[in-house]
Amino acid sequence: MILRRLIPQLVLSATLLFAQKQKVVKPGFNLFSMEQDVQLGREAAAQIEREMQIVNNPRLTGLIDRIGRKLMAANAADGKNGQFPFTFKVVNDPSINAFALPGGPMFIQTGLIAAADNEGQVAGVMGHEMAHVILRHGTNQASKANLIQLPLAVAGGMVGDNSMLGTLAQLGIGLGANSVLMKFSRNAESDADLLGARLLHAAGYNPVELARFFEKLEAESGKGNALTQFFASHPNPGNRVKNIQADMQFYPRANYQPDAPSADFLAAKAEAKALPAPPKRPQQSGTAPAPQNGGPSPDTAAPRGFRVQRTPLYAMAYPEDWQSQLAQDQVSLTLAAADGLVRGQNGQNDVGHGVLVAINQVRSQNLDQETDALVRGLLQGNPGVRQTGNAQRIRVSGQAALLTPLEGRSGLKRGEKEIIRVLTVMHSRGLFHAVLVAPESRWRIAEGEYDEMIRSIRF
Ligand SMILES: [Zn+2]
């Protein structure tokens, strides 16, 4: 009985709560600067423009420029979020898709314009894409996924003339539809819907068009329409129309553009449909480039109880009951004890007992200087970590190497210290580095294993 009386009250208070508070949408944790977002986007856009056919039809470019300018003005007038130098290009591709790169370059495929019912629906997708850029979802996800390796890269590779794209490729981060930069989480999708709807409202478009169009596409892809590529990188967060309508109660009253398509829009849509098919596209730019001059893998013999991980650029032994994961780029390597991977604060995988290996681009061949930059980056990116002594000079694969001692808080053993050693050696491809980590209580055993692993490294 009591239960029955309680339920309506609960529902009522939930409704009140809902009605009182508009969700705050803002960028999350990020190791990149806004300038780095822009640089990364520019490099990636240049690559995409080489691979896709950009359309210069004035009706089509006119349409998306007009929409893009209105949305940018809406973001500037709101002033709560960062401003990015957006660019808008039409791609001759019949699949229904659009995508935006970090820092602002946006691409809208002709198939998407052909599938929309009115200008508001194209604006809906563009507002949603713009929101991903403003909320920095791509680099936020990359930051979370590569928490230890990225600061190393930011310090060691992403400065001067080095390409951001190349540096990320070394960490196994590419531009494909499944890349951490391009494939969004459902939370990111809801946030992009909300900020997108707010931009649409401020630009004079009915925010519901955004959700309506996505639901229409969703229905199409349910019917097996292979042209609806959009959802491969923008998973449906569910309840899109409801969520946007709930947000709209906080917007001031407005008269939106009518649902009926304008003559301008219909003319652009007809052009999009009439374009001749694009030439066959070269291979998708999804995978990181394979190392050049790979040659035969370097060899090393496994000590007793160890096995060897061979890569085109180096080989290294690790305890045989550990797990080994070589990234797409065939360079970055994670070696972890059976229970050595831990869920980090941001949901990413961290190594609590194991070794992370990578090779960074460098500016010089000076081991001390490059090691210094790398360690500085690591300390900046991981505030709980500090250096505990001077680097020790050792030899690895017959070459001068440095072993720098750090310590932090263990993610594996709560309340325990974490011992960290950063091994650095100059390699023909850059600065080879291995970050060796273990909780303090395991260090006595781990140290012996790590000595063995360091001794086994061959280039
Ligand atoms: Zn999205």
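## Ser33 and its surroundings

Ser33 lies in the loop that joins α1 (2-20) to α2 (34-51). The model described here is predicted. Ser33 counts as exposed, because 12 C-beta neighbours are found inside 10 Å, and a residue with 12 or fewer falls in that class.

Thr139 belongs to α6 and is buried, whereas Ser33 is exposed.

## Helix α6

Helix α6 spans residues 137-145, and it is largely enclosed by the rest of the structure because eight of its nine residues are buried.

## Packing of α9 and α12

Two packed helices are described by the angle between their axes and by the distance between those axes. For helix α9 (residues 186-203) and helix α12 (residues 240-248), the axes come within 10 Å and cross at roughly 45°. This angle makes α9 oblique to α12. The crossing in which α9 passes α12 is right-handed.

On the α9 side, the contact is formed by Ser190, Asp193, Leu194 and Ala197. Their counterparts in α12 are Arg240, Asn243, Ile244, Asp247 and Met248. Sorted by class, the contact of α9 with α12 comprises four nonpolar, two polar and three charged residues.

Definitions and conventions. Residues numbered from 1 in each chain as written. Predicted model: local features only at pLDDT ≥ 70, side-chain atom pairs only at ≥ 80, totals over all residues. Axes fitted to C-alpha atoms, helices over the stretch in contact; angles between N-to-C directions. Helix = DSSP H or I, 4+ residues; strand = E, 2+ residues; numbered from the N terminus. Parallel < 35°, antiparallel > 145°, perpendicular 65-115°, else oblique. Left-handed = near helix turned anticlockwise from the far one by under 90°. Contact = placed C-beta atoms within 7 Å. Nonpolar A, V, L, I, M, F, W, Y, C, P; charged D, E, K, R; others polar. Buried ≥ 20, exposed ≤ 12 C-beta atoms within 10 Å, placed from the backbone.
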